[in-house]
Amino acid sequence: MIACLFREKDRLVVTFEFWREEHLRDHPEDAGVVFVAEVSVREFVGVLDGITGALEAGENP
């Protein structure tokens, strides 16, 4: 998979394309298609904070 992340004001835009043969064998319609996902910067930072908290909690039982 090839992916890129761009910031547009208060949104993050992720573009990605599948290239693995296993995926394309099952989903030939995805060949050459560029998919796009958008998320707000605030939501993304919240996800990262949650991941950081979970990792820190796991390190200090």
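This is a predicted model: local features need pLDDT of at least 70, side-chain atom pairs count only at pLDDT 80 or more; totals for chains, interfaces and linings use all residues.
Colleague: Fine. Leaving aside its neighbours within four places in sequence, what is valine 41 in contact with?

Modeller: Arg7, Lys9, Asp10, Arg11 and Leu12. That leaves out neighbours within four places in sequence.

Colleague: And where is valine 41 found?

Modeller: In helix α2, which covers residues 41-59.

Colleague: How far is its C-alpha atom from that of aspartate 10?

Modeller: The two C-alpha atoms are separated by 5.6 Å. Along the chain, valine 41 and aspartate 10 are 31 residues apart.

Colleague: Is valine 41 buried or exposed?

Modeller: Buried. The relative accessible area of valine 41 is 18%, and buried means under 20%.

Colleague: Staying with helix α2, what about valine 47? How does its accessibility count?

Modeller: Valine 47 also sits in helix α2. Its relative accessibility is 44%, so it counts as partly exposed.

Colleague: Which residues form the nonpolar patch on the surface?

Modeller: Phe44, Val47, Leu48, Ile51 and Leu55. Together they have about 440 Å² of accessible area.

Colleague: Over to the strands. How do β1 and β2 pair?

Modeller: In the antiparallel sense, over seven bridges. Strand β1 is residues 2-8, and strand β2 is residues 11-17.

Colleague: Which residue is the bridge partner of leucine 5 in β2?

Modeller: Valine 14.

Colleague: What about the hairpin of β1 and β2? How many residues lie between the strands?

Modeller: Two. In that hairpin, lysine 9 takes a positive phi near 60 degrees. Lysine 9 is also among the contacts of valine 41.

Colleague: And β2 with β3, over how many bridges do they pair?

Modeller: Six, in the antiparallel sense. Strand β3 runs over residues 35-40.

Colleague: Which residue stands opposite glutamate 38?

Modeller: Valine 13. Glutamate 38 itself is in β3.

Colleague: Which side chain does glutamate 38 meet in a salt bridge?

Modeller: Arginine 11, at 3.5 Å, N to O. This pair links distant parts of the chain, with arginine 11 in strand β2 and glutamate 38 in strand β3, 27 residues apart.

Colleague: How does arginine 11 count for accessibility?

Modeller: Partly exposed, at 31% relative accessibility. Arginine 11 is also one of the residues in contact with valine 41.

Colleague: How many salt bridges does the count come to?

Modeller: Two. One of them joins the side chains of glutamate 22 and arginine 20, at 3.6 Å, N to O.

Colleague: Now aromatics. How many aromatic pairs does the structure hold?

Modeller: One. Phenylalanine 16 and phenylalanine 35 form it, and the pair is stacked. The rings are 5.6 Å centre to centre, with 20 degrees between the planes.

Colleague: Why does that count as stacked?

Modeller: Because planes under 30 degrees apart count as stacked, and these planes are at 20 degrees.

Colleague: Which strands does the pair link?

Modeller: Phenylalanine 16 is in strand β2 and phenylalanine 35 is in strand β3, 19 residues apart.

Conventions:
Residues are numbered from 1 along each chain as its sequence is written. Side-chain values use heavy atoms; hydrogens and water are left out. Rings of Phe, Tyr and Trp (its six-membered ring) pair if their centres lie within 6.5 Å; planes under 30 degrees apart count as stacked, over 60 as edge-to-face and the rest as tilted. Helices (H or I, at least four residues) and strands (E, at least two) are DSSP runs, numbered from the N terminus. Patches are made of residues with over 30% relative accessible area and no salt bridge: like charges are joined within 9 Å, nonpolar side chains (Val, Leu, Ile, Met, Phe, Trp, Tyr) within 5 Å. Accessible areas come from the Shrake-Rupley method with a 1.4 Å probe; for residues, only the protein chains shown count as cover. A salt bridge is a side-chain nitrogen of Lys or Arg within 4 Å of a carboxyl oxygen of Asp or Glu. Buried means under 20% relative accessible area, exposed over 50%, partly exposed in between (1.4 Å probe, protein chains only). Contact means heavy atoms within 4.5 Å. Two strands pair if DSSP finds at least two bridges between them.
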